[in-house]
Amino acid sequence: MTHYEAGRRFEYAVMHDLKERGYYCVRAAGSHSKIDVFAVKGDIALLIQCKANGVITPTEWDTLFDLCRAPNFLPIVASKDGGKPAYRLITARRGKRRREWQVFDPGESSC
């Protein structure tokens, strides 16, 4: 399996997980964009960068954070945790500080 195929498979796993939680999801096919999955539930929109290993570059981090300036747009990094998607909410630009994030449960968002 190529890296592209593994990445695509993980993006679909993230979408499946979020759909089960009541989100409407759209995948950016061929994803050379900043967002891999866009998910909406009620008045909450998740802009998701999928990284199976959870590693995101400082530039990707800040770009994702900056895209979420609109109210209720949440910058999310999805990674694998025991074969299931796990979600982290980016809470600040990375800059020269250490990365600031918190665990995010899509089922607990106030929609």
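Biologist: Where does Met1 lie relative to helix 1?
Modeller: Met1 is in the segment before helix 1. Helices here are DSSP runs of H or I with at least four residues, strands are runs of E with at least two, and both are numbered from the N terminus.

Biologist: What kind of model is this, and how are residues numbered?
Modeller: It's a predicted model, where local features need pLDDT of at least 70, side-chain atom pairs count only at pLDDT 80 or more, and totals for chains, interfaces and linings use all residues. Residues are numbered from 1 along each chain as its sequence is written, and side-chain values use heavy atoms, with hydrogens and water left out.

Biologist: Back to Met1, then. Buried or exposed?
Modeller: Met1 counts as exposed, at 64% relative accessibility. The cut-offs are under 20% relative accessible area for buried, over 50% for exposed, and partly exposed in between, using a 1.4 Å probe and protein chains only.

Biologist: What does Met1 touch?
Modeller: Not counting residues up to four places away in sequence, Met1 touches Ala6 and Arg9. Contact means heavy atoms within 4.5 Å.

Biologist: OK, zoom out. How many helices and strands are there?
Modeller: Two helices and six strands. The order from the N terminus is α-β-β-β-α-β-β-β. Of the 111 residues, 40% are buried.

Biologist: And what share of contacts joins residues at least 24 apart?
Modeller: That's 49%, among contacts between residues at least 6 apart in sequence.

Biologist: Helix 1 next. Which of its residues are buried?
Modeller: Phe10, Glu11, Val14, Met15, Asp17 and Leu18. Looking down the axis, the buried residues of helix 1 fall within an arc of 160°, so they line one face. The arc is that of the directions from the helix axis to the C-beta atoms. Arg9 and Glu20 are exposed on the other side of helix 1.

Biologist: What do those buried residues pack against?
Modeller: Strand 1 (24-27), strand 2, strand 3, strand 4 and strand 5 (84-90).

Biologist: What span should helix 1 have?
Modeller: Its 18 residues, 3-20, should span 26 Å at 1.5 Å a residue, and the end C-alpha atoms are 26 Å apart, which agrees. The expected span is 1.5 Å times one less than the number of residues. After helix 1 comes Gly22, with a positive phi near 95°.

Biologist: Now helix 2. Which residues are buried there?
Modeller: Trp61, Asp62, Leu64 and Phe65. Those residues cover an arc of only 160° around the axis, which puts them on the same side of helix 2. They pack against strand 3, strand 4, strand 5 and strand 6 (101-104).

Biologist: Where is Lys51?
Modeller: Lys51 is in the loop between strand 3 (44-50) and helix 2 (58-67).

Biologist: Is that lysine buried or exposed?
Modeller: Lys51 counts as buried because its relative accessible area is 19%. Its side chain makes a polar contact of 3.1 Å with the side chain of Glu60. A polar contact is a pair of N or O atoms within 3.5 Å; within protein, one must be able to donate a hydrogen and the other to accept it, and residues adjacent in sequence count only if both atoms are side-chain atoms. Leaving aside neighbours within four places in sequence, Lys51 is also in contact with residues including Phe10 and Ala78.

Biologist: What about Gln49? What does its side chain reach?
Modeller: The Gln49 side chain reaches the backbone oxygen of Lys34 at 2.8 Å. Gln49 lies in strand 3 and is buried, with a relative accessible area of 9%.

Biologist: Switching to rings: how many aromatic pairs turn up?
Modeller: A search of the whole structure finds one. Phe38 and Phe73 form a tilted pair, 6.3 Å centre to centre with 55° between the planes. Rings of Phe, Tyr and Trp (its six-membered ring) pair if their centres lie within 6.5 Å; planes under 30 degrees apart are stacked, over 60 edge-to-face, the rest tilted. Phe38 is in strand 2 (residues 37-41) and Phe73 in strand 4 (residues 73-81), 35 residues apart.

Biologist: Which charged end sits over the ring of Trp101?
Modeller: That of Arg88, 5.2 Å from the ring centre. The rule is NZ of Lys or CZ of Arg within 6 Å of the ring centre and within 35 degrees of the ring normal.
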